[in-house]
Amino acid sequence: MAEIRSYQMFIDGAWSEAADGALLDSINPATGKVWCRFPAATSSDVDRAVEAAHRAMAVGPWATMTATARGKLLRRLADLLAERADRLAEVETTDTGKLIRETRAQIRYVADYFHYFAGAADKLEGSTLPIDKNDMFVMTVREPIGVVAAIVPWNSQLMLAAVKIGPALAAGNAVVLKASEHGPAPLLELAQLCADAGFPAGVVNVVTGLGDPCGARLTQHPLVARIAFTGGPATARHVVRNSAENFATVTLELGGKSPIVVFDDCDIESAVNGIVAGNFGASGQSCVAGSRVIIQSGVFDEVTARVAERAGRIRIGDPQDAATEMGPLATKAQLDHVEAVLARSLAGGATLMGGGNRPQGFAQGWYFEPTILLCPHPDIASAREELFGPVLSALRFETEADAVRLANDTAYGLAAGIFTRDGARSLRMMRQIRAGIIWINTYRAVSPMAPFGGYGQSGAGREAGFESLLDYSRTKTVWINTGSAPMGDPFAMR
Ligand code: TXE
């Protein structure tokens, strides 16, 4: 039997158990067996991490480090990530079941995210204001906000951590990163890289544990000034309520029910690849999953048939095998959720065109077939609710106006795909669809330069891109009296 690995949390530059010694198990989704254990942080562990971060910002090398020097540390971290990407990929794949071919590529790209934020660190500028008073010189300076609580789920952990801690550190903040209880190992490995890169003690802390108490204490801690959260909408409501305690500013990235709109005049091959990428990539466990596929009547039969044919050829298997195209779902709860929504969708009138079962030959692990549902109307459960699994709901439309109506018929608004050869139409659609990210004739592309975030129930705020750095800093306005006369009447506003 394979040995069970033990992890500790990283607080104030040292490895640490939970105060009461409690541990949680992480299960390998491909085998259903425990592969590592990690601490279940108590409130006092969280307090220790937040206080360490607060201290690091007040005293010690981080407090006085130049932005250029911070950039150099981030660059070193990026290089270490790229060097150790294969080991990290193996850990993430074991922990979450995400394909090795995706984790290897993604972690190398995460290094590029840190390079981007490294370069941005010393580009944050204040300004001088053309003030409307002759005897005043007024300027703004940008300062770090304070302790940042970064909370991530189990999917794409390193990427989701990078878009939070990258800009936070570039702008001079200190961070307490909370890993998911369903797979924290990659972020604990990241903590080691931060130490190796030379970040001073307390600047990056990684805590592990349950949403309550660990996440709950973190989001209401009085010394936390900013919260960056990725997860589900129900948890996000707790986070926002908690932030009423400390008035932290909050960024929320909450997933979606994103449409892929396919017009009669599209390149069919391209649309089929976009649909497969948007639904079966990462076994559909992606916040940008394009799980409402809205297809114009003229190509509906051809597109759905070709997607079903490609889905039927998807190689399901061991996520550690580079040839595998779809691995297991990350948790048993995810699998149960997918099956429950599927059952309600079929009862509500959807027709199964492919998949719909646990695949044969996988007695262990939480595997599910790529599944295609034909939905007669948009109120079918699978067309409304986020499944976070490999299930696509196909809906038919006739006119461009119908397509817009269907695309916007959701409480979410993270992303949308548009497949058409008509450039003007793609721009008309882009303007009318309410979503934070629009992909035209492509799907699931990301970059450190490109802001990422949604509308409505998909959250608030943007991650990545230069504007995210502004969110991790704030403006201080400085007034200097340049007049030769002393300050006058104390009872009149100047
Ligand atoms: O997310 P949670 P889970 C969706 C997806 C999925 C569902 C639940 O539909 O099925 O959310 O997934 C921490 N205060 N997405 O359970 O619970 C928790 O410990 C502070 C969409 O993984 O939202 C974890 O670290 N923090 C999504 C993090 O919040 C709390 C990605 C996310 O957990 C907390 C993942 C609390 N009270 C799931 N309770 C996307 N946007 O990509 C929990 N947490």
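Reader: How many salt bridges does a search of the whole structure find?
Author: The search turns up 30 salt bridges. A salt bridge here is a side-chain nitrogen of Lys or Arg within 4 Å of a carboxyl oxygen of Asp or Glu. Bear in mind that this is a predicted model, where local features need pLDDT of at least 70, side-chain atom pairs count only at pLDDT 80 or more, and totals for chains, interfaces and linings use all residues. Residues are numbered from 1 along each chain as its sequence is written, and side-chain values use heavy atoms, with hydrogens and water left out.

Reader: OK, which residue does Arg 306 form a salt bridge with?
Author: Its partner is Glu 269, with the closest N and O atoms 3.4 Å apart. Arg 306 sits in helix H11 (residues 297-312) and Glu 269 in helix H10 (residues 268-280), so the pair ties together parts that are 37 residues apart in sequence. Helices (H or I, at least four residues) and strands (E, at least two) are DSSP runs, numbered from the N terminus.

Reader: And how does Arg 306 count, buried or partly exposed?
Author: Arg 306 is partly exposed at 31% relative accessibility, and Glu 269 is partly exposed too, at 47%. The cut-offs are under 20% relative accessible area for buried, over 50% for exposed and partly exposed in between (1.4 Å probe, protein chains only).

Reader: What about Glu 400, which residue does the 3.2 Å salt bridge link it to?
Author: That one goes to Arg 425. Glu 400 is in helix H14 (residues 400-407) and Arg 425 in helix H15 (residues 423-432), 25 residues apart. Glu 400 also meets Arg 428 in a salt bridge, at 2.9 Å from N to O. Arg 428 is in H15 as well, 28 residues from Glu 400. Salt bridges that share partners join Asp 265, Glu 400, Arg 425 and Arg 428 into one network.

Reader: Staying with H14, which of its residues are buried?
Author: Glu 400, Ala 403, Val 404, Leu 406 and Ala 407. Looking down the H14 axis, they fall within an arc of 165°, so they line one face of the helix. The arc is that of the directions from the helix axis to the C-beta atoms. On the face turned away from the buried side are the exposed residues Ala 401 and Arg 405.

Reader: What covers the buried residues of H14?
Author: The cover includes strand E13 (259-262), strand E14 (292-296), strand E17 (391-397) and H15.

Reader: New topic: at roughly what angle do H3 and H7 cross?
Author: The axes of helix H3 (residues 67-83) and helix H7 (residues 185-197) cross at roughly 130° and come within 9 Å. Axes are lines fitted to C-alpha atoms, for helices over the stretch in contact, and angles run from 0 to 180 degrees between N-to-C directions.

Reader: Which residues make the contact there?
Author: On H3, Leu 73, Arg 76, Leu 77, Leu 80 and Leu 81; on H7, Leu 190, Leu 193, Cys 194, Asp 196 and Ala 197. Contact means heavy atoms within 4.5 Å.

Reader: Last one: where is Glu 92 found?
Author: Glu 92 is in helix H4 (residues 85-96), and is buried, with a relative accessible area of 0%. Not counting residues up to four places away in sequence, Glu 92 touches Gly 97, Lys 98, Thr 103, Ile 107, Ser 156, Gln 157, Leu 158 and Pro 186.
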